[in-house]
Amino acid sequence: MKYTAITIGPIYKTFMYAKKTRELWTASYLFSYLMKKLILALKDADKNIDIIIPFTDEDLLTSKNETGLFPDRLVFQTNIKFEDIKNIIDKELERIAFQITLHLNIDDTDYFKNYFQVYAVEKEFEKGTLKRDIVKNLFDTLDVLELQQKFEHQEPTTNIQSFLTKASLKNGEEHSFLMQDAREDKDIEKFQSIIEISAYEIIESLNEEDKVKFYEKLKQSFSNNKSNDNDLIKFLKNKNKDTFRTHHKYLAILQIDGDSFGIINQFLDDTDYQKFSESLANYSLEIKDIIKDYGGLPVYIGGDDVLAFVPVRNKEQNIFTILEDIDKVFNEEFKYFIDKKVTDDNGNIIKDKDGNIIKPALSAGISITYYKYPLNEALALSYDLLFKKAKNHNGKDAVAFEVIKHSGQTFCTIFGKGTPIYEKFNKLIALNIDEDEFFSSVIQKFFENFELLEIIGNNKDRIKAYRDEFFNESFHGTKDKFLTELEEYISLLFTTNVPNTTNKIKDKLYASLRMVKFLNRDDNE
């Protein structure tokens, strides 16, 4: 039987052209839209087409989900001739290119048609070949094809950049075809700006009159095409002097990727392969709402890949609690595979090189940067945190974060999710203490005497004595609870059976305390 695979791009390069949140949404949705249209066109040409990946149903293909949900690769079996498939691709590229030029009021269809890098491959497989083996074989071929560069990009400021800038804004009285596809007419508005996301908690607390004033100021920046973010921050701070915090000026970019999915797929029979694909689709739809309810903007949720802009904190929730909520949905949707444990053809449980049982999990990279920080650099940072740190952590299933302060100072660390250390870290950052001096004192006293802490770190009683010695004033309520939790956290850092060095412990403790302070400090930048 013949199977066909299609890949589309250039996704990451297009992301790098985005300078605003709405531009990154456009870049993401553009490729998801292209894949959806290709699937619809193929299904129209062959009602009996068998799509292996991604999972698609009528609701997913026709509903307005606001977020790009379709990945960049498609594998299917069809009776359509390969030449006809290529003609379908060509026709869809022509149509989308025309829609782009129509919105921009320019005549450059050839440029946009050639901008897309779409490759297709067809191969013959013996009857009875497992879907997992078909997909792997075709993906290997696509990997080679994607190394080709069929088009030398022009300067993006006059072509693709123009569309990214204008696609989420009206041209006359019309929104772009992407906006119309993503949202119902009554809901068509621009997407949240960086300020709207980072300060979501503050904006939601405004009274109706002040909220109207805020959005009038925001609208002026769009009509004048000139940023007034400084004025917006000043307005919000003046209206909320008691509750405005430093973190309200910082954007968190969350990137998530599934762990060991490629390995797991190699050992699934056709029934489980289909079930795995459906679980991915269900998971994608559920977490979209989690991110939006938190005040974030889900940019892309395609299978196990997630990209979202979110507030650092919103009331009792923060970026890490949202990640926990996403994990809960994931664990529920993939419970069958987590409990079953994947086995090879001989019935042996699959393990990695370190002896860890391989199971579906998620790793995450989180960059937290000042609202004026270049968006493409913040995006690249979150990408590196995910793929160079979190996914290289022992056992994966990890989260790596980095905060780049407006001053240029940085702090970062990595946690294995589900570990006692990570759970205790989450308890620490959940405690709200509105006193900068307290946190400054804690950081100073623990790190001025860190050599002593190294000696006593594996003894809970001596850590308690350390606290009593250097914090001899009487603390009550949340402060006392925080110091008690901190004692236990330090003990875990020194005693947990993981490969730690003193420097790693010191760096993790420093980053943890700085994050707690960052989430609670008054704005003085």
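1. How many of the five residues of strand β3 (residues 73-77) are buried? Five of the five are buried, so strand β3 is mostly covered, where buried means under 20% relative accessible area with a 1.4 Å probe and protein chains only. Strands here are DSSP runs of E with at least two residues, and helices are runs of H or I with at least four, numbered from the N terminus.

2. On the basis of the note: this is a predicted model, in which local features need pLDDT of at least 70 and side-chain atom pairs count only at pLDDT 80 or more, while totals for chains, interfaces and linings use all residues. Residues are numbered from 1 along each chain as its sequence is written, and side-chain values use heavy atoms, with hydrogens and water left out.

3. Arg73, Val75 and Gln77 point one way from β3, and Leu74 and Phe76 point the other way. Strand β3 pairs in the antiparallel sense with β1 (residues 2-9) over four bridges; two strands pair if DSSP finds at least two bridges between them. Within that pairing, Thr7 has Arg73 as its bridge partner. Strand β2 (residues 50-53) is also antiparallel to β3, over three bridges, and Ile53 stands opposite Val75.

4. A second topic is the sheet of six strands. This sheet is open, has mixed pairing and runs in the order β6-β7-β5-β10-β11-β12. Strands β6 (297-302) and β12 (410-416) stand at the edges with a single partner strand each, so one side of each is left without a neighbour in the sheet. Neighbouring strands are turned by 10 degrees against each other on average, direction ignored, with axes taken as lines fitted to C-alpha atoms. Inside the sheet, β5 (residues 250-259) and β7 (residues 305-311) pair in the antiparallel sense over six bridges, and Gln255 has Leu307 in β7 as its bridge partner.

5. Helix α4 (residues 82-104) has 23 residues and reaches 33 Å from its first C-alpha to its last. That is close to the expected 33 Å, the expected span being 1.5 Å times one less than the number of residues. Its buried residues include Ile85, Ile88, Ile89, Glu92, Leu93 and Ile96. An α-helix has 3.6 residues a turn, so residues three or four places apart point the same way. Asn105 follows α4 and has a positive phi, near 60 degrees.

Notes:
Buried means under 20% relative accessible area, exposed over 50%, partly exposed in between (1.4 Å probe, protein chains only). Axes are lines fitted to C-alpha atoms, for helices over the stretch in contact, and angles run from 0 to 180 degrees between N-to-C directions.
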